[in-house]
Amino acid sequence: MIDLKTLPTPAYDLIDNIDQTQVYIETARGCNYCCSFCVEHAPIQAKTYEQIKEVLEKIEKIRQHSTIHIIDSDFLTPGGGSDLFYKAVEEVKPTNHFIVQTRAKRLTKENVQQMYSHNIVDLYLGIESFSDTILKTVRKGVTFKEIKNALRILKENAPTSVAYRGNFIQGLPGENAITAQEDYLRRKEILEENLLKIMRDYVFMPLEGSHVFDNQERYGIKLSEDYKPSFRNSLPQHSYEGWNEVDIYNHQREMIELKLSYLNKMKDAERDDDNER
C-alpha cells in the first residue's frame, strides 16, 4: 500500500506536447465494493486538499480550456476526495473541465448538482448490465430499479443528456439467453424513456486477481491454457456452459444495434420536426 499523502505532484511540465496528451489526475484511490470481475478492492485513500489544489494549479499553468480525466474508481465514494476537489475548484477557479466516474447508488439530486457546478462536464457510470440476475452474480451491489432511478435523477439534473454515459460488459458470469433477453428488453425500456443516450459496450475479460479468475469453476468459466486478457473490444476468449463465444458476441452486437436503431429514429423525428417548422 502506498500512502497517497506522500506522493509528489506529477511533473506534467516534463511531458512533451502536453497540449496533445490526455492528462489524468486522481483525488482518491481504492473502492469499498467487491465486484467479482474487478481487481480494485484496496481501502479508500484520499489525497489532501493541498495536493488536489496544487495539481489543479500546476495543470492550469500549462494547459487551459481542456478536459481532464479524474481516474478515481468511484469519485463520490464516502471518504474520497470529491468534497476536497470541490473546495479546490472554488479556490483555483480552473478553466479546465473534468470527467469522473462513479456508481449509480451514489447519485442524488444534491450530488449531481454539485458535480456539474464544479467544472465536471461528463460522468461515466459503470452499469455493466440491466439484468438483476447478472448484477447479483457479479456482486455489483445495485439493482435495475436503483439504476433506473439514478438515470432519472441525471436526466432531471444534469446540464445535458450527453453529460453522462453508461458502460456495459457483455459475457459476464452467469449470462445466458434468459438474462440476455432481460438485459435487451430493459435497455429498450431505458432508451424509450430517453434516460440514457450514450452507451458503451465491452466484452468481459477475466482479470488475474479478480474473484472470477480465482474461482473459475465456481463461476462456470472456461479459459484456454494460454489465455491472456486483451482489449475489451476484442472477440470473447471465454465461454460458459450453454453460453459460448459466439453467443456473447451476438448479444453485444444486438445491444449495439438496438442503441443505434433508437438514435437513428430520434434523428429522423428531429428532422421531421424541423421540416414541419
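Strand E7 (residues 164–170) is joined to E8 by 5 bridges, and the two run parallel. Strands pair if DSSP finds at least two bridges between them. Helices (H or I, at least four residues) and strands (E, at least two) are DSSP runs, numbered from the N terminus. Within this pairing, Gln170 stands opposite Val203 in E8.

The model is predicted, so local features need pLDDT of at least 70, side-chain atom pairs count only at pLDDT 80 or more, and totals for chains, interfaces and linings use all residues. Residues are numbered from 1 along each chain as its sequence is written, and side-chain values use heavy atoms, with hydrogens and water left out.

E7 and E8 belong to an open sheet of 6 strands in the order E1-E4-E5-E6-E7-E8, with parallel pairing. Its edge strands, strand E1 (24–25) and strand E8 (199–203), each pair on one side only. Helix H3 (residues 109–116) packs on the sheet and touches strand E5 (97–102), strand E6 (120–128) and E7; contact means heavy atoms within 4.5 Å. The direction of H3 makes about 135° with that of E6, where axes are lines fitted to C-alpha atoms, for helices over the stretch in contact, and angles run from 0 to 180 degrees between N-to-C directions.

Next come two helices. Phe144, Lys148 and Leu151 in H5 meet Arg186, Glu189 and Ile190 in H6. The axes of helix H5 (residues 144–157) and helix H6 (residues 177–192) come within 12 Å and cross at roughly 20°.
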